[in-house]
Amino acid sequence: MKALQIRRKVARLGAARMVAGVSGAAAARLGPLEYRTIDPPALPGPGWQRVTTALAGICGSDLSVVHGHASTYFEDWVSFPFVPGHEVVGTLDDGTRVVLEPVLGHCARGFAPPFEGAAPGDGDDYAHLVTAGREMELEPGIQIGFCESTGGGWSPQFVAHESQLHRVPDAVSDEQAVLIEPLAGGIHAALKTLTVTERARAAGAQPIVAVLGAGTMGLAAIAGLSRYVPDARIVVGARYGHQRRLAAELGAEVVVAPDDLLRAVRRLSGGHMIGGSLSSGAHATIDAVGTSASISASLAMTRPRGRVVVLGMPADVSLDLTGLWHRETELVGAYTYGTETLADHTTTTTFALAIETAAAIGAERLLSATYRLDDHVQALRHAAEAGRRGAVKIAFDLRRDPGQTTKGDR
Amino acid sequence: MPRPGFVLDVDRSTPPTLFWHGERFRLEQLPADRSRIVYPPEPLPAIEHLDHAIRDALLNPIGSDPLPARLFAGMKLTIAFDDASLSLPKMRRPDTRQRMVEAVLDMAAAAGVDDVHIIAALGLHRRMHDYELRHVLGDRVFDAFAPRGLLYQHDAEDPDGLMVIGTTDHGEVVEINRRAAESDLIVYLNVNQSPMDGGWKSITTGLASYRCLSFHHNPETLQHTRSLVDRHRSALHKSVWRMGEVLRRDGPPIFQVETSLNTDTFPSSFAFLSKREWEWSARDRAKYLATAASLERTPTRLARRIFHSIEAPYRTTSVQAGDTEAVHEITLEHVYRQQVVEVEGQTDILTMGIPFISPYNPESIMNPILVMCMGLGYLFNMYRNKPLVREGGVVIMTHPTYREFHPVHHPSYIDFFDEVLADTTDPAEMSTRWETKYAEDEWYRHLYRTSNAYHGVHPFYAWYWGAHGQQHCGRVIIVGGDAPTVRRLGFTPASSMNDAFEIASDVVGASPTITHLHVPAMLVADVT
């Protein structure tokens, strides 16, 4: 079958890194991504199923790999060559529509879950991500889309463990379902603010949560805050007009340009601006950008003993952490999803919340354009330039893709 | 003999007209046969021996004993003076206030008065920088008083530094600077550049608390002010005069010293700005072309610095002292004599070039709110009887209207632009929904009291200043402004004057009559 595949080629990674800042299209052409004929992946063991891709989104983490910017941290956690694509809606062989929870958790890799009913992302030991239990033939990989053995969504077919597959309700369209995975990421980040927002509510205050960045993940976080963080006053820094409109529609109370966010937070929280920081600030800030500047700004606008949730995937960053030390700020990451405890102390999974959110917010409005797989250069360029081109999420549509003609390869 | 103000009917031979455009200029050809230009009177002759005139006014006051007779050893004497919002541009040294304060101090010393405080009556304006205080009062006074804490700036938010004098029969609380209130005599030193200033407004604004100011600086009052330069038809001045009655009855003794300035606004290098265009000499034209071309190549920040460094050759045309009201009436006569221009009837459109400066940005940036304040507040209000533009007519201003703010001087203006104007441009609505939050914001309060920031509420007052103009006009157009910023103000952007006339035609038809206000210098249009 024809698929997009990343191969570990140092020269192409270097070339992609060099040109990515100038041209997303050139990075896609020159970088480590190749559109080539590959064999469909074999089923790695019991409980695994074959999935036929319908829609597969392009994520910021995918772009960082294509552009050669991914952190070297991941080198030992992934296996080459791999087919990217972890935001996927597709069908099983029996025609069941499913959405993928891409994390390769304990069950998928043949290990006992860390606790009864654990979601793939749960646990406090990641050894299983690079190993495999008995009866499983699985290379390292944190997710489908970064693992040689499983394939990924940027191909007509891939394999996934039943623990990773969620049936898509009939009321949820493919166009909504392809947003479920990023929505889950945003909701997970939103729920990571609950510790401090509930503390504020207990003290009689209405919690203020700032969100820096309003691409797909920022918007997903806003949706999550709006639905699952009670009484949150959401203030958002968004660069582009369409992002501001969507942020407001999804529940943000105040939406401003990123450079104006510090002042906007102060207007809600009161307090002083002292140098480049607020004396008080947001109870929590979700950084959906993940750069040195955005993390620094997030720290500056979060009140002492507040929490900064880093949702945007950072790589090498340079930070002055004096303020973090002085303000006793919590800086936490928000990688994926798992089992969540809500404000009313009930538990559920992030994906369950994301599926209901996708339908409730009409997530299809975040899907701006779809491309055929063989038009990947333009697709990746569009995704890299999404903000300034008025777009949010770009995806591959394989429902009518020529790659599908190779279905017989199964 | 200086010529009086003049209204020029534009015909085909009229050369292009100079418009201010922030830190730049524009030349615009106004439509012939239906446009007119109002030029201010030429500068009146100045008092030749100003120090002598000041001394004479102090010794021969109106409705008061001579100043020396009101000074005595052991008394508390407070000298208050107008802040850096006057004059515009700042006048050459020595400033008239320096001459006045030195004369008063001489008499106080002669009377054995040793408890003297000098207070900058800045109201809710920003604190003056030391170099501004030196400019206004002179080095000798500054060095003698400032280091000992005897020269300082009014603080409208000092809970221990304010005192209620009483309440008017309209329920307006008169609360002023405690030191002034407890003095045996306040000597107020005024520089009068506009009929809206001076009189009771000096103390009830310059030395007042926010609470006191809020009774007359509000949308209701300013929407019923017809106009700011006609105190008998100004709801603001009526409130201020009611407060004056309370001061007269229950407040400290006051000795008011007022001066009027002529309109000699620009030094010789910018003399063409004060001339009528058809009278420009070859030298003036060359200077204009060189200046305009040079400014086009100059970064705005540098151009701003150049303009703010201008020192006006203003001269004083009168000095009078004594009873506040009696003194002020004479001051008004002098100001009107200098500034009044007879104008017949209203037109459909009023055009005005907005300069680099307003009373609220000395040494600072003319931010978008101040553009509105200058256009619809100060310039629109430069009339008596009725506005230059008919009700429902169009005001066209020229200004780059950049979204730029001085972060030290105007911190609350930034938030006002981002938050309040995004919500409403209606003065009454913003007053109800937002004013208290800004007025009581601790950070703004801190910056006002300890830094050089305007009070948190000040952008509201700047906006209210234009409330009457905003209510009167059918549309406001800004030529050459940053379009999103202009729209945030509630106005319509236009890229050229012709585009502006085209846009205005929706409101006033295809062949509207037009008045252009040729400012600065200051003028008062007496519209019959």
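How many bridges join strand 10 of chain B to strand 11 of chain B, and in which sense do the two strands run? In this predicted model, seven bridges join strand 10 to strand 11 (residues 254-261) of chain B, and the two run parallel. Within this pairing, B:Tyr188 has B:Gln256 of strand 11 of chain B as its bridge partner. Strand 10 of chain B is also joined to strand 5 (residues 76-82) of chain B, again in parallel, by five bridges. There, B:Thr78 is placed opposite B:Ile186 of strand 10 of chain B.

Strand 10 of chain B covers residues 185-192, and eight of its eight residues are buried. In a regular strand, side chains alternate between the two faces of the sheet. For strand 10 of chain B, one side carries B:Leu185, B:Val187, B:Leu189 and B:Val191, and the other carries B:Ile186, B:Tyr188, B:Asn190 and B:Asn192. Both of these faces are covered, with the residues on either side all buried.

Four bridges link strand 13 of chain B to strand 20 (residues 524-527) of chain B in the parallel sense. One pair of bridge partners is B:Val340 and B:Val524, the latter in strand 20 of chain B.

Among the helices of chain B, helix 18 (residues 458-465) is mostly covered, with eight of its eight residues buried. The buried residues of helix 18 of chain B are B:His458, B:Pro459, B:Phe460, B:Tyr461, B:Ala462, B:Trp463, B:Tyr464 and B:Trp465. The elements that cover them include helix 8 (219-223), helix 13 (368-379), helix 14 (411-423), helix 15 (427-433), helix 16 (435-439) and helix 19 (467-472) of chain B.

Taken as a whole, chain B contains 21 helices and 20 strands. Its radius of gyration is 22 Å, close to the 24 Å that the globule rule gives for 528 residues, so chain B is as compact as a globular protein of that length. The C-alpha trace of chain B spans about 70 × 55 × 45 Å along its principal axes. Of the 528 residues in chain B, 56% are buried. Contacts in chain B between residues at least 6 apart in sequence join residues at least 24 apart in 80% of cases.

Chain A contains 13 helices and 19 strands. Along the principal axes, its C-alpha atoms fill a box of roughly 65 × 50 × 40 Å. Buried residues account for 54% of the 410 residues in chain A. Of the contacts in chain A with a separation of 6 or more, 71% are between residues 24 or more positions apart.

Chain A is divided into domain 1 (2-182 + 358-409) and domain 2 (193-333). The centres of these two domains of chain A, taken over C-alpha atoms, are separated by 29 Å. Contact between them involves 14 residues of domain 1 and 16 residues of domain 2 of chain A. On the domain 1 side, helix 3 (residues 60-66) of chain A gives the most, with three residues. That side of domain 1 of chain A has five nonpolar, seven polar and two charged residues.

A:Val99 lies in strand 5 (residues 97-100) of chain A. With 30 other C-beta atoms within 10 Å, A:Val99 is buried. Leaving aside neighbours within four places in sequence, A:Val99 is in contact with A:Val89, A:His166, A:Val168, A:Ala177, A:Ile180 and A:Glu181. A:Ile234 is 135 residues from A:Val99 in sequence, and their C-alpha atoms are 29 Å apart.

Between the chains, seven residues of chain B are in contact with nine residues of chain A. On the chain B side, helix 14 and helix 17 (442-450) each supply at least two residues. Helix 14 of chain B gives the most, with four residues. By class, this side of chain B comprises two nonpolar, one polar and four charged residues.

How values were computed. Residues numbered from 1 in each chain as written. Chains lettered and ligands numbered in written order. Buried ≥ 20, exposed ≤ 12 C-beta atoms within 10 Å, placed from the backbone. Pairing = 2+ DSSP bridges. Contact = placed C-beta atoms within 7 Å. Nonpolar A, V, L, I, M, F, W, Y, C, P; charged D, E, K, R; others polar. Domains from an automatic or database assignment. Rg over C-alpha atoms; globule rule 2.2 N^0.38 Å.
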